[in-house]
Amino acid sequence: FSRLKESLTKTRQTFIEKIDQVVTGRKGIDEELYEELEEVLIQADVGVNTAMKLVERVRKGVKARNVQEASRLKDIFYEELAYLMGEKVTPIQENAEGPTVIMVVGVNGVGKTTTIGKMAYQYKEQGKKVLLAAGDTFRAAAIDQLEIWAQRVGVDIIKHQEGSDPGAVAYDAVHAARSRNVDVLLIDTAGRLHNKSNLMDELRKVHRIIAREMPGAPHEVLLVLDATTGQNALNQAKIFSEAVNVTGIALTKLDGTAKGGVVTAIVTEMAIPVKLIGIGERMDDLRPFNPKDFIDALYG
Ligand code: GDP
């Protein structure tokens with residue numbers, strides 16, 4: 001928890017501490033205060049829709065509780081934020097009858113490879129047999145990077161040459177996972193966004209091949225989003241979920257960004273659960289997302 005708290009320092013400064021500043025020195029609660037609160041939320045990357053929704057809830061909360069003092073606004077805000085975020089923790093799905101196949105998608109640079117590496121490490125620590133698949137055949141560097149992670153963690157990797165068919169990698173990986181009695185297969189995919197429709201076709205095809213070769217798979221399509229891109233992350237979520245059935249989100253780089261407020265926007269505006277958060281470069285800096293812990297860490 002203390003590590004989570006520490007990683008959210010910058011977000012706390014732009015979000016919670018700014019609310020403090022808005023409230024401090026104020027006597028009553030007036031329209032101007034609500035406007036300033038909304039402004040703080042938008043600046044903190046909560047997003048316009050969610051900011052408006054939150055302020056509306058705070059306004060109602062203030063009325064219902066007949067609160068007069070501005071100093072109590074922060075408590076009401078906490079309650080409403082907690083209400084909107086919910087308490088649900090949604091774990092990564094597992095396949096009890098064989099390998100759990102996890103397809104990982106996302107734009108280049110968001111932290112896809114690192115997230116796969118951290119997941120591989122954590123599953124291995126749990127005593128599971130892990131296999132990686134280098135499905136981003138578009139970039140030689142992506143294959144190399146994943147191989148470095150495979151070596152670091154001590155797991156096997158299925159890879160083909162640069163420029164080869166990513167569908168063939170997925171095919172081989174699924175069959176290898178079964179024949180080698182693997183518990184978790186993590187499939188990397190390409191993330192070049194300069195040719196969007198081409199990429200989405202490729203992801204659809206990889207998904208189709210996985211599903212054809214192993215009914216019920218992929219058990220998870222994990223979309224990796226970079227918290228430092230703020231509202232842009234929401235656009236990416238929309239684009240990817242139109243192409244493949246995204247079942248969960250991993251939100252990376254929450255440490256060191258002031259844009260952690262975007263978590264609130266993703267949780268309230270997307271129908272896809274945030275399952276994992278990345279809070280640093282260490283192997284154990286990938287955590288299950290627990291909204292309650294997140295808010296408590298944010299409030300300090
Ligand atoms: P990919 O192109 O999506 O595969 O991205 P990479 O996995 O190569 O990550 C891009 C950069 O982000 C690397 O320098 C990673 O170390 C860094 N990174 C990934 N996740 C996190 C995180 O949770 N926190 C921090 N601080 N850096 C991260």
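Analyst: Start with one pair. Glu202 and Arg192 form a salt bridge, and their closest N and O atoms are 2.7 Å apart. Glu202 lies in helix H10 (residues 196-213), while Arg192 sits in the loop between strand S4 (184-188) and H10, so the pair ties together parts that are 10 residues apart in sequence. Keep in mind that this is a predicted model.

User: Are Glu202 and Arg192 buried or exposed?

Analyst: Glu202 is buried, and Arg192 is buried as well.

User: What is the general idea behind such a pair?

Analyst: Side chains of opposite charge can pair when their charged atoms come close. In this model the count comes to 22 salt bridges.

User: Which residue forms a salt bridge with Lys292?

Analyst: Asp296 does, with the closest N and O atoms 3.5 Å apart. Both residues are in helix H13 (residues 291-299); because they are 4 residues apart there, about one helical turn separates them. Asp296 is partly exposed at 23% relative accessibility. Lys292 is partly exposed too, at 38%.

User: And what about Glu32?

Analyst: Glu32 pairs with Arg26 in a salt bridge, the closest N and O atoms being 3.4 Å apart. Glu32 has 47% relative accessibility and counts as partly exposed. Arg26, at 22%, is partly exposed. The cut-off explains this: buried means under 20%, so Arg26 does not count as buried.

User: Which residues are linked in a network of salt bridges?

Analyst: Arg57, Arg65, Glu79 and Glu80 are linked that way.

User: Where does Val182 lie?

Analyst: Val182 is in the loop between helix H9 (166-179) and S4. Val182 is buried, with a relative accessible area of 4%. Beyond residues up to four places away in sequence, Val182 touches Pro99, Lys129, Val130, Leu131 and Ala177. For scale, take Val182 and Ile277, which are 95 residues apart along the chain. Their C-alpha atoms are separated by 25 Å.

User: What makes up the nonpolar surface patch of about 240 Å²?

Analyst: Ile42, Val48 and Met52 make it. Met52 is found in helix H5 (residues 48-65). Met52 has a relative accessible area of 44%, which is partly exposed.

User: How do I read the chain as a whole?

Analyst: Begin with secondary structure: 13 helices and 8 strands. Then look at extent. The C-alpha trace spans about 70 × 40 × 30 Å along its principal axes. Next comes the radius of gyration. A compact globule of 300 residues would have one near 19 Å, and the chain has 21 Å, which agrees.

User: What share of the residues counts as buried?

Analyst: Of the 300 residues, 52% do. The chain exposes about 13,300 Å², and carbon and sulfur atoms supply 47% of that area.

User: What share of the contacts with a separation of 6 or more joins residues 24 or more positions apart?

Analyst: Such residues account for 75% of those contacts.

Key:
Residues numbered from 1 in each chain as written. Predicted model: local features only at pLDDT ≥ 70, side-chain atom pairs only at ≥ 80, totals over all residues. Heavy atoms only, no water. Patch = residues over 30% accessible without salt bridge, like charges linked within 9 Å, V, L, I, M, F, W, Y side chains within 5 Å. Areas by Shrake-Rupley, 256 points an atom, 1.4 Å probe, with all protein chains shown as cover. Salt bridge = Lys/Arg side-chain N within 4 Å of Asp/Glu carboxyl O. Helix = DSSP H or I, 4+ residues; strand = E, 2+ residues; numbered from the N terminus. Buried < 20%, exposed > 50% of the residue type's maximum accessible area, 1.4 Å probe, protein only. Rg over C-alpha atoms; globule rule 2.2 N^0.38 Å. Contact = heavy atoms within 4.5 Å.
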